[in-house]
Amino acid sequence: MVRDLAASAGVEVEVSSHAPGGWWLRDHLASDATLDAIATGGFDFVVLQEQSMVPADLRLADRESRPAAIGLATRATLTGASTVLFMTWGHAQGSSEMG
């Protein structure tokens with residue numbers, strides 16, 4: 001989507017994605033594949049998006065998402081990349097699945 005959007009403005013960009021289904025940011029922070037991709041990717045930007053159910057519980061998001069996002073963003077910054085937080089779709093009234 002990013003590549004196509006940029007192309008529509010006449011800009012060529014390279015993109016890479018590591019997005020196993022259902023992963024939380026904490027899974028990425030614990031993943032050698034993710035950390036290696038950030039460390040060696042030569043990216044200008046690293047885009048982080050949390051698994052869609054996690055933000056439905058603010059305590060869970062604060063306990064799990066925030067530290068993982070900070071850890072991943074720190075690693076991106078060390079390579080010279082900027083971090084972009086991509087908002088996931090949410091649940092207006094929270095989620096009964098998250099307790």
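Predicted model: local features only at pLDDT ≥ 70, side-chain atom pairs only at ≥ 80, totals over all residues.
1. R63 counts as exposed, at 53% relative accessibility, where exposed means over 50% relative accessible area, buried means under 20%, and partly exposed lies in between, with a 1.4 Å probe and protein chains only. The side chain of R63 meets that of E64 in a salt bridge, at 3.6 Å from N to O; the term stands for a side-chain nitrogen of Lys or Arg within 4 Å of a carboxyl oxygen of Asp or Glu. Side chains of opposite charge can pair when their charged atoms come close.

2. Residues are numbered from 1 along each chain as its sequence is written, and side-chain values use heavy atoms, with hydrogens and water left out.

3. The protein holds four helices and two strands, and from the N terminus on its elements run α-α-α-β-α-β. Helices (H or I, at least four residues) and strands (E, at least two) are DSSP runs, numbered from the N terminus. Of the 99 residues in the protein, 29% are buried.

4. A search of the whole structure finds four salt bridges. One of them joins R26 and E64, whose closest N and O atoms are 3.3 Å apart; because R26 lies in helix α2 and E64 in helix α4, the pair ties together parts that are 38 residues apart in sequence. R26 is partly exposed, with a relative accessible area of 37%. R26, R63 and E64 are linked in a network of salt bridges.

5. Another salt bridge brings together the side chains of R66 and D62, at 2.7 Å from N to O. Both residues belong to helix α4, where R66 and D62 stand four residues apart, about one turn of the helix. R66 counts as exposed, at 52% relative accessibility, whereas D62 is partly exposed, with a relative accessible area of 40%.

6. The largest pocket holds about 1400 Å³ of space. On a 1 Å grid over the protein atoms alone, a pocket is an open set of points where a 1.4 Å probe fits, with protein on both sides within 12 Å along at least five of seven lines, and lining residues have an atom within 4 Å of a point. Grid points are joined across faces, edges and corners, and a volume is the space filled by probe spheres set on the points.

7. By class, the lining has 20 nonpolar, 13 polar and four charged residues, where Ala, Val, Leu, Ile, Met, Phe, Trp, Tyr, Cys and Pro count as nonpolar, Asp, Glu, Lys and Arg as charged, and the others, Gly among them, as polar.

8. S17 is found in the loop between α1 and α2 and counts as exposed, at 62% relative accessibility. The C-alpha atoms of S17 and A37 are separated by 9.2 Å, although the two residues are 20 apart along the chain.

9. The second largest pocket holds about 390 Å³ of space and is lined by 16 residues, with E50, P55, A61, S65 and M87 nearest its centre. Helix α4 (residues 58-78) gives the most to this lining, with five residues. The lining of the second largest pocket divides into nine nonpolar, four polar and three charged residues.

10. M1, F45, V47, V84 and F86 make a nonpolar surface patch of about 550 Å². Patches are made of residues with over 30% relative accessible area and no salt bridge, nonpolar side chains (Val, Leu, Ile, Met, Phe, Trp, Tyr) being joined within 5 Å and like charges within 9 Å; accessible areas come from the Shrake-Rupley method with a 1.4 Å probe, and for residues only the protein chains shown count as cover. F86 is found in the segment after β2 (82-85) and is partly exposed, with a relative accessible area of 43%.

11. A76, which lies in helix α4, is buried, with a relative accessible area of 0%. A76 and G41 are 35 residues apart in sequence and 9.7 Å apart in space, from C-alpha to C-alpha.
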